[in-house]
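This report describes the fold of one protein chain. Please look over the sequence and the structure before reading on.

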Amino acid sequence: MLKQKLLQLLASVEGLTAEPSPVSGGTALFFRGREFAHFHNDKELDLRLTSKLIRSLGLSHPAGSVHHPNRSASSPWIEVRFETDREVERAAELVKLAVAQLLSALRGTALPAATAPSAPPGSTPRRARRRP
C-alpha cells in the first residue's frame, strides 16, 4: 500500500503522528497536535501548505477531484495524488515542507526559500504575475 509506504517515510519526523481525524474521518497527519493533512484514500493526501508555496512549486488542484471539486485556486490546501514510489517520495517531501512551515510558525521565523523542494518532475512552475 502506498499510504503505508508514505507513513513509513515520515516515521522519523519528530512531532509528526498519524491518527484518526476528528474532522475528516480516516487517517490524518498531526504535527504537535495540529492536523495539517488527511488521507482521502490510500493514494491521495489533502495537505495544507500555503497558496503562495503551492503556486511557487507549480502545483495545481488535480482534475476530477471527488472530495473538493470546487476548491479555490487560492486555497492553502492541495490534493496530492501518488501512484508510484517516486510520487510517494515526492509526497513525503511536501509533507516535510509542511512540517517545516508549522515549526517555523511556532518559532515565529520565516521559512527560507531554499527549503522548498523543486517543482515535481514533468510540471512547469507557474510564473508570478507582476502587479502594476
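**Basis of the values**

This is a predicted model, in which local features need pLDDT of at least 70, side-chain atom pairs count only at pLDDT 80 or more, and totals for chains, interfaces and linings use all residues. Residues are numbered from 1 along each chain as its sequence is written, and side-chain values use heavy atoms, with hydrogens and water left out.

**Overall layout**

The protein chain holds three helices and five strands. Helices (H or I, at least four residues) and strands (E, at least two) are DSSP runs, numbered from the N terminus. Read from the N terminus, the elements follow the order α-β-β-β-β-α-β-α. Of the chain's 132 residues, 38% count as buried. Buried means under 20% relative accessible area, exposed means over 50%, and partly exposed lies in between (1.4 Å probe, protein chains only). A contact requires heavy atoms within 4.5 Å. Among contacts between residues at least 6 apart in sequence, 56% join residues at least 24 apart.

**The sheet**

The five strands form an open sheet in the order β1-β2-β3-β4-β5, with antiparallel pairing. Because β1 and β5 stand at the edges with a single partner strand each, one side of each has no neighbour in the sheet. On average, neighbouring strands are turned by 25 degrees against each other, direction ignored. Such angles are taken between axes, which are lines fitted to C-alpha atoms (for helices over the stretch in contact), and run from 0 to 180 degrees between N-to-C directions.

Strands count as paired if DSSP finds at least two bridges between them. Strand β4 (residues 44–48) is mostly covered, with four of its five residues buried. A hairpin through two residues links β3 to β4. The table lists the two pairings of β4.

| Strand pair | Residues of the partner strand | Sense | Bridges |
|---|---|---|---|
| β3 and β4 | β3, residues 34–41 | antiparallel | four bridges |
| β4 and β5 | β5, residues 77–81 | antiparallel | five bridges |

H38 is opposite D46 of β4, and N41 is opposite E44 of β4. On the β5 side, R48 has W77 as its bridge partner.

**The helices**

Helix α3 (residues 85–107) has 23 residues and should span 33 Å at 1.5 Å a residue, which agrees with the 33 Å between its end C-alpha atoms. The expected span is 1.5 Å times one less than the number of residues. α3 lies across β1, β2, β3, β4 and β5 and runs at about 25 degrees to β4. After α3 comes G108, with a positive phi near 75 degrees.

In α1, the buried residues are L2, K3, L6, L7 and L10. Seen down the axis of α1, these fall within an arc of 140 degrees, so they line one face of the helix. The arc is that of the directions from the helix axis to the C-beta atoms. The cover over the buried residues of α1 includes β1 (16–20), β2, β3, β4 and α3.

**The nonpolar core**

In soluble globular proteins, nonpolar side chains tend to be buried together. Here a nonpolar core is a set of buried Ala, Val, Leu, Ile, Met, Phe, Trp, Tyr and Cys residues joined through side-chain atoms within 4.5 Å. The largest such core has 30 residues, and those with the most contacts inside it are L6, L29, F36, L47 and L49. At least two residues each come from α1 (2–10), β2 (27–31), β3, β4, α2 (51–56), β5 and α3. Of these, α3 gives the most, with nine residues. Setting aside residues up to four places away in sequence, L6 touches F39, L45, F82, V88, A91 and A92.

**Two single residues**

T17 belongs to strand β1 and is partly exposed, at a relative accessible area of 32%. Apart from neighbours within four places in sequence, T17 is in contact with A28, L29 and F30.

R32 sits in the loop between β2 and β3. R32 is exposed, with a relative accessible area of 56%. Although R32 is not a glycine, its phi is positive, at about 50 degrees.
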